[in-house]
Amino acid sequence: MNKNNIILIGFMGVGKGTIARAFFKYSGRFSIDTDDLIESITKKKVKTIFKDEGEPYFRDLEKQCALWLEKSITNTVISTGGGFYRQENIKNIGKVIYLKSSFEGILKRINNAPNAKQKLAKRPLLKNLDEARKLYDTRVKEYEKVADFTLDVEDRDIEEILKELTSMCE
Ligand code: S3P
């Protein structure tokens, strides 16, 4: 069954949530975010879950979220946490689109945001930039492998990105 969902994957800070929200304004299509779902159901921030219960517990919540998405969600844009691409059933949820940018491009995007400090603070895996770069290097190949389409978002106009995303959804 074609569920008509679009799943945005990619590294932390690449703009998955921003693009999903802009896509709503552009096309009227609602979106949900896996981190938001997890924060809402646990009433805890992701960084607090990492601190109190640890990363494996968070990954288990992502797994439960993925199973629920597969069973229950249609016609939706789904933005995901940077590690969600590992969910085994991701392809059963919908069409997977990888938002691609260089590591430097991502750091530039975060640092140029008015709430840059907040963006860094809420992401435990961005605390140590050397470690984050290593994680990025491992993940880029994996994101490409999982994705049905790759959408280059670095230094691009949002309108252009939305247009390309629309054509990928057809
Ligand atoms: C993670 C990315 C985060 C969040 C958690 C783990 C990751 O989401 O899910 O901190 O493993 O890359 P964003 O990609 O929205 O920052």
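Helix H6 passes helix H8 in a right-handed crossing. In this predicted model, the axes of H6 (residues 103-112) and H8 come within 11 Å and cross at roughly 130 degrees.

**Packing of H6 and H8**

- Two packed helices are described by the angle between their axes and by the distance between those axes.
- With a crossing angle of roughly 130 degrees, H6 and H8 are oblique to each other, because angles from 65 to 115 degrees count as roughly perpendicular and those over 145 as roughly antiparallel.
- On the H6 side, the contact is made by Phe 103, Glu 104, Ile 106 and Leu 107, and on the H8 side by Leu 129, Ala 132, Arg 133 and Tyr 136.
- By residue class, the contact of H6 with H8 comprises six nonpolar residues, no polar residues and two charged residues.

**Salt bridges**

- The structure holds 13 salt bridges, including those described here.
- Within helix H4 (residues 55-72), Arg 59 and Glu 55 lie four residues apart, about one turn of the helix. Their salt bridge brings the closest N and O atoms to 2.9 Å.
- Arg 59 counts as buried because its relative accessibility of 16% is under 20%.
- Helix H8 (residues 129-146) contains both Glu 131 and Lys 134, three residues apart, about one turn of the helix. These two residues form a salt bridge in which the closest N and O atoms are 3.4 Å apart, and Glu 131 is partly exposed at a relative accessible area of 44%.
- Glu 164 pairs with Arg 156 in a salt bridge whose closest N and O atoms are 2.8 Å apart. Glu 164 counts as partly exposed at 26% relative accessibility, and Arg 156 counts as partly exposed at 25%.
- A network of salt bridges links Lys 44, Lys 51, Asp 52 and Glu 53.

**Positive phi angles**

- Most residues other than glycine have a negative phi.
- Asn 75, although not a glycine, has a positive phi of about 55 degrees. Asn 75 is found in the loop between H4 and E3 and counts as partly exposed at 47% relative accessibility.
- Asp 155 is likewise not a glycine and has a positive phi of about 55 degrees. Its position is in the loop between strand E5 (149-152) and helix H9 (158-169).
- Asp 155 counts as exposed because its relative accessibility of 65% is over 50%.

- Asn 89 is found in the loop between strand E3 (77-79) and helix H5 (90-93). At 9% relative accessibility, Asn 89 counts as buried.
- Leaving aside residues up to four places away in sequence, Asn 89 touches Ala 66, Leu 67 and Glu 70.
- Lys 71 lies in helix H4 and counts as exposed, with a relative accessibility of 76%.
- The C-alpha atoms of Lys 71 and Phe 58 are separated by 20 Å, the two residues being 13 residues apart along the chain.

How values were computed. Residues are numbered from 1 along each chain as its sequence is written. This is a predicted model: local features need pLDDT of at least 70, side-chain atom pairs count only at pLDDT 80 or more; totals for chains, interfaces and linings use all residues. Side-chain values use heavy atoms; hydrogens and water are left out. Helices (H or I, at least four residues) and strands (E, at least two) are DSSP runs, numbered from the N terminus. Buried means under 20% relative accessible area, exposed over 50%, partly exposed in between (1.4 Å probe, protein chains only). Contact means heavy atoms within 4.5 Å. A salt bridge is a side-chain nitrogen of Lys or Arg within 4 Å of a carboxyl oxygen of Asp or Glu. Axes are lines fitted to C-alpha atoms, for helices over the stretch in contact, and angles run from 0 to 180 degrees between N-to-C directions. Angles under 35 degrees count as roughly parallel, over 145 as roughly antiparallel, 65 to 115 as roughly perpendicular and the rest as oblique. A crossing is left-handed if the near helix is turned anticlockwise from the far one by less than a right angle, and right-handed if clockwise. Ala, Val, Leu, Ile, Met, Phe, Trp, Tyr, Cys and Pro count as nonpolar, Asp, Glu, Lys and Arg as charged, and the others, Gly among them, as polar.
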